[in-house]
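Subject: Structure handover

Hello,

Here is the structure we discussed. My notes on it follow below.

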Amino acid sequence: MEKPISIMIDETKTNLISTINNSGLPFWLLEPIVKNVYQEIKTLSDNQLRADQQAYKEFLIEEEKKEYNKATEISEETE
């Protein structure tokens, strides 16, 4: 069994908080660091969404082609 996503999320939050608390940096220095990390994550997330949308669009097109071919075969068989 793979580790459930809820556990992965909880562990990630715990690790991030621990890293921040153990960094020894004041919060006014941590703020821009966390902001930059967030921006990088947001960019990667947006890229993944676009890739997923494109892959799904291509999947739907392929499925539509399969259905068309299947319908064409059935039509030809009944002639």
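Helices here are DSSP runs of H or I, at least four residues in length, and are numbered from the N terminus. With that numbering, K65 and E62 both fall in helix 2, three residues apart, or about one turn of the helix. Please keep in mind that this is a predicted model.

Salt bridges

There are four salt bridges in the structure. K65 pairs with E62, with 3.6 Å between the closest N and O atoms. K65 is partly exposed at 46% relative accessible area, and E62 is partly exposed at 40%. Another bridge joins E63 to K66, at 3.5 Å from N to O; these two residues are also three apart in helix 2, about one helical turn. E63 has 28% relative accessibility and counts as partly exposed. Between D46 and K42 the closest N and O atoms are 2.9 Å apart, and this pair lies in helix 2 with a spacing of four residues. D46 is partly exposed at 26%, as is K42 at 38%.

Aromatic pair

The structure has one aromatic pair. Y56 and F59 are stacked, 6.2 Å centre to centre with 25 degrees between the planes. They sit three residues apart in helix 2, which spans residues 27-77. F59 is partly exposed, at 43% relative accessibility.

Largest pocket

The largest pocket has a volume of about 280 Å³. Its lining includes L16, I20, V34 and Y38. Helix 2 gives the most to this lining, with six residues, while helix 1 (5-22) supplies at least two. By type, the lining residues are eight nonpolar, two polar and no charged.

Regards

Conventions
Residues are numbered from 1 along each chain as its sequence is written. This is a predicted model: local features need pLDDT of at least 70, side-chain atom pairs count only at pLDDT 80 or more; totals for chains, interfaces and linings use all residues. Side-chain values use heavy atoms; hydrogens and water are left out. Rings of Phe, Tyr and Trp (its six-membered ring) pair if their centres lie within 6.5 Å; planes under 30 degrees apart count as stacked, over 60 as edge-to-face and the rest as tilted. Buried means under 20% relative accessible area, exposed over 50%, partly exposed in between (1.4 Å probe, protein chains only). On a 1 Å grid over the protein atoms alone, a cavity is a set of points where a 1.4 Å probe fits but cannot get out, and a pocket is an open set with protein on both sides within 12 Å along at least five of seven lines; lining residues have an atom within 4 Å of a point. Grid points are joined across faces, edges and corners, and a volume is the space filled by probe spheres set on the points. Ala, Val, Leu, Ile, Met, Phe, Trp, Tyr, Cys and Pro count as nonpolar, Asp, Glu, Lys and Arg as charged, and the others, Gly among them, as polar. A salt bridge is a side-chain nitrogen of Lys or Arg within 4 Å of a carboxyl oxygen of Asp or Glu.
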